[in-house]
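Hi,

Here is the model I promised to pass on.

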Amino acid sequence: MKLRALAKINLGLDVVRRREDGYHEVRMVMQTINMYDLLELTVTESPGIRIQTNLYYLPCDENNLVYKAAKLLMDEFQITKGLYVKLDKFIPVAAGMAGGSSDAAATMVAVNRLFRLGLSLEQLMERGVKIGADVPYCIMRGTALAEGIGEILSPMPPMPPCHILIGKPPVSVSTKFVYGNLKANELERHPDIDGLIEEMKKGDVRGMCRKMENVLETVTIPAYPVIQEIKDRMIKCGAAGAMMSGSGPTVFGVFESKEAGLKAKEELSKSGLARQIFLTTPFNR
Ligand code: ATP
């Protein structure tokens with residue numbers, strides 16, 4: 001069975017507070033994009049989960065989120081057969097694009113089908129949160145408001161049609177570092193997530209861009225100023241808005257025409273600021 005695991009960007013990201021147990025309560029506008037990893041899953045007669053990937057530095061053992069996702073379902077349903085997963089990664093790693101979470105989500109969907117477990121999407125989402133807060137969203141896909149620790153999801157009208165330029169600088173950012181350095185309970189300003197949702201409902205790309213804000217930029221940008229440089233470059237190239245996705249360091253720019261997006265892609269490549277650069281579009285359910 002072959003599947004695509006799609007990446008996401010955050011059009012808005014607010015951290016409401018840090019809970020006593022250390023988890024952060026968030027309000028995030030999530031958008032799936034047409035950028036993906038490819039998974040090929042095969043049932044094997046011999047038991048166990050085996051993973052092969054094109055990235056030498058990714059774990060292929062129980063630390064891979066694909067392994068965790070497959071094991072969760074296979075243990076619960078006492079599957080005695082085995083699974084072989086070929087994972088071709090194209091989504092930048094540790095980039096704020098939920099690549100690992102999306103691989104886990106796709107694995108759960110595939111295992112459910114391959115072994116005819118009969119679970120609904122909701123039942124998969126309930127189990128997915130045990131792997132990671134973003135996994136339920138990656139199972140659901142599309143445009144959504146994510147609250148709680150990211151697992152309470154409300155579907156939203158689709159993102160207005162546009163072209164999205166993705167630029168990842170050659171730095172890796174750990175999500176733990178960013179949340180660990182965010183003084184969530186002392187923030188002086190918060191992104192206007194409700195205002196962002198209003199603009200998106202109107203289908204207004206420029207209005208949406210004016211309201212895009214990510215509170216995690218306050219931590220990641222001072223640590224990696226190249227993020228701001230990429231944002232500035234995208235705006236200079238005609239983006240209606242540009243922002244860091246998730247905990248970074250990936251930046252995305254929103255363009256109203258494909259031509260403008262392609263031109264900006266070329267400019268960004270020449271600048272040398274970003275190493276992984278893609279022009280894509282929103283994915284809607
Ligand atoms: P998020 O947007 O959810 O914060 P991210 O883009 O920051 O995600 P990922 O690319 O999902 O981060 O992965 C972060 C870490 O998880 C990597 O350093 C990697 O070692 C580990 N990992 C485990 N399984 C995977 C996988 N299938 N794909 C990518 N990373 C994985």
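This is a predicted model: local features need pLDDT of at least 70, side-chain atom pairs count only at pLDDT 80 or more; totals for chains, interfaces and linings use all residues.

Let me start with a loop: Arg116 sits between helix 2 and helix 3 (121-128), where helices are DSSP runs of H or I with at least four residues, strands are E runs of at least two, and both are numbered from the N terminus. Arg116 has a positive phi of about 45° although it is not a glycine. At 75% relative accessibility, Arg116 counts as exposed (buried is under 20% relative accessible area, exposed over 50%, partly exposed in between, with a 1.4 Å probe and protein chains only).

Local features need pLDDT of at least 70 and side-chain atom pairs count only at pLDDT 80 or more, while totals for chains, interfaces and linings use all residues; side-chain values use heavy atoms, with hydrogens and water left out.

Ala98 is buried, at 12% relative accessibility. The peptide bond from Gly248 to Pro249 is cis, with omega near 5°, and Pro249 belongs to the loop between strand 9 and strand 10. I flag these because most residues other than glycine have a negative phi, and most peptide bonds are trans.

Now the ligand. It is surrounded by 20 residues, and the closest are Asn64, Leu65, Ala94, Ala98 and Gly100 (the cut-off is a heavy atom within 4 Å). A backbone N or O atom of Ala94 is 2.8 Å from a ligand oxygen, and a polar backbone atom of Gly96 is 3.0 Å from an oxygen atom of the ligand. On the nitrogen side, a ligand nitrogen lies 3.0 Å from a polar backbone atom of Leu65. The protein covers 78% of the 620 Å² of accessible area that the ligand has on its own (Shrake-Rupley method, 1.4 Å probe; for residues, only the protein chains shown count as cover).

Leaving out residues up to four places away in sequence, Ala104 touches Leu65, Ala69, Ile131 and Val135 (contact means heavy atoms within 4.5 Å). Ala104 is buried, with a relative accessible area of 0%.

As for the sheet, 4 strands make an open one in the order 9-10-7-11, with antiparallel pairing (two strands pair if DSSP finds at least two bridges between them). Its edges are strand 9 (241-244) and strand 11 (276-280), each pairing on one side only. The twist averages 15° from one strand to the next (axes are lines fitted to C-alpha atoms, for helices over the stretch in contact, and angles run from 0 to 180 degrees between N-to-C directions). Helix 10 (258-271) packs on the sheet, touching strand 7, strand 10 (251-255) and strand 11, and its direction makes about 175° with that of strand 11. Strand 7 (163-168) is joined to strand 11 by 5 bridges, and Lys168 has Gln276 as its bridge partner there.

Glu217 is in helix 8 (217-223) and is buried, at 13% relative accessible area.

Cheers

Terms used: Residues are numbered from 1 along each chain as its sequence is written. A polar contact is a pair of N or O atoms within 3.5 Å; within protein, one must be able to donate a hydrogen and the other to accept it, and residues adjacent in sequence count only if both atoms are side-chain atoms.
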